[in-house]
Amino acid sequence: MHRAGKMSKGSERKMTVQEFEILCNNAWKFLKVTIPSGTAKEIFNDADKDRDGVINYDEFLNVITKEYPKVWSLYELEYFNSFNEESN
């Protein structure tokens with residue numbers, strides 16, 4: 001999204017929660033997975049360490065490389081548990 005110039009603060013390398021949600025959904029589109037708005041907002045809020053309402057490149061990189069694997073594991077576990085409950 002940043003490269004495409006679609007981030008509202010792209011020149012400052014920052015993104016809003018709405019842009020973050022779009023980015024996540026575009027990234028996982030090939031898996032046919034969408035991220036619920038509440039989950040995207042939780043991840044975004046965890047990433048926004050300075051609480052300025054946008055995440056900068058360093059905050060984004062940190063959540064994707066360090067926090068994201070943990071968050072994805074929890075989300076994946078929750079998703080598959082709900083799927084198993086529906087099939088029982």
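Q: What does buried mean here?
A: Buried means under 20% relative accessible area. The model is a predicted one.

Q: Why is F20 called buried?
A: The relative accessibility of F20 is 1%. The cut-off is under 20%. F20 therefore counts as buried.

Q: What makes F44 buried or exposed?
A: F44 has a relative accessible area of 2%. Exposed would need over 50%, and buried needs under 20%. So F44 is buried.

Q: Why does T39 count as buried at 18%?
A: The limit is under 20%. T39 has a relative accessible area of 18%, so T39 is buried. This residue lies in helix α2. T39 and E21 are 18 residues apart in sequence, and their C-alpha atoms are 9.0 Å apart in space.

Q: How many aromatic pairs does a search of the whole structure find?
A: The search finds one. F20 and F44 form this pair, with 6.0 Å from centre to centre and 55° between the planes.

Q: Why are F20 and F44 called a pair, and why is the pair tilted?
A: Ring centres must lie within 6.5 Å. The centres of F20 and F44 are 6.0 Å apart, so the rings pair. Planes under 30 degrees apart would be stacked, and over 60 would be edge-to-face. The angle here is 55°, so the pair is tilted.

Q: Which parts of the chain does the pair link?
A: F20 is in helix α1 (residues 17-28) and F44 is in helix α2 (residues 37-47). They are 24 residues apart.

Q: How do you know that the charged end of R13 sits over the ring of Y57?
A: The charged end of R13 is 3.9 Å from the centre of the Y57 ring. The distance limit is within 6 Å, and the charge must also be within 35 degrees of the ring normal. R13 is listed as sitting over the ring.

Q: What makes up the largest nonpolar core?
A: Twelve residues make it up, including F20, A40, F44 and F60. Membership requires buried residues of the nonpolar kinds, joined through side-chain atoms within 4.5 Å. Elements α1, α2 and α3 (57-87) each give two or more residues to this core. Helix α2 gives the most, with four.

Q: Which residues does A40 contact, leaving aside neighbours within four places in sequence?
A: A40 is in contact with F20, E21 and I35.

Q: What is the order of elements in the chain?
A: From the N terminus on, they run β-α-α-β-α. Buried residues make up 25% of the 88 residues.

Key
Residues numbered from 1 in each chain as written. Predicted model: local features only at pLDDT ≥ 70, side-chain atom pairs only at ≥ 80, totals over all residues. Heavy atoms only, no water. Buried < 20%, exposed > 50% of the residue type's maximum accessible area, 1.4 Å probe, protein only. Contact = heavy atoms within 4.5 Å.
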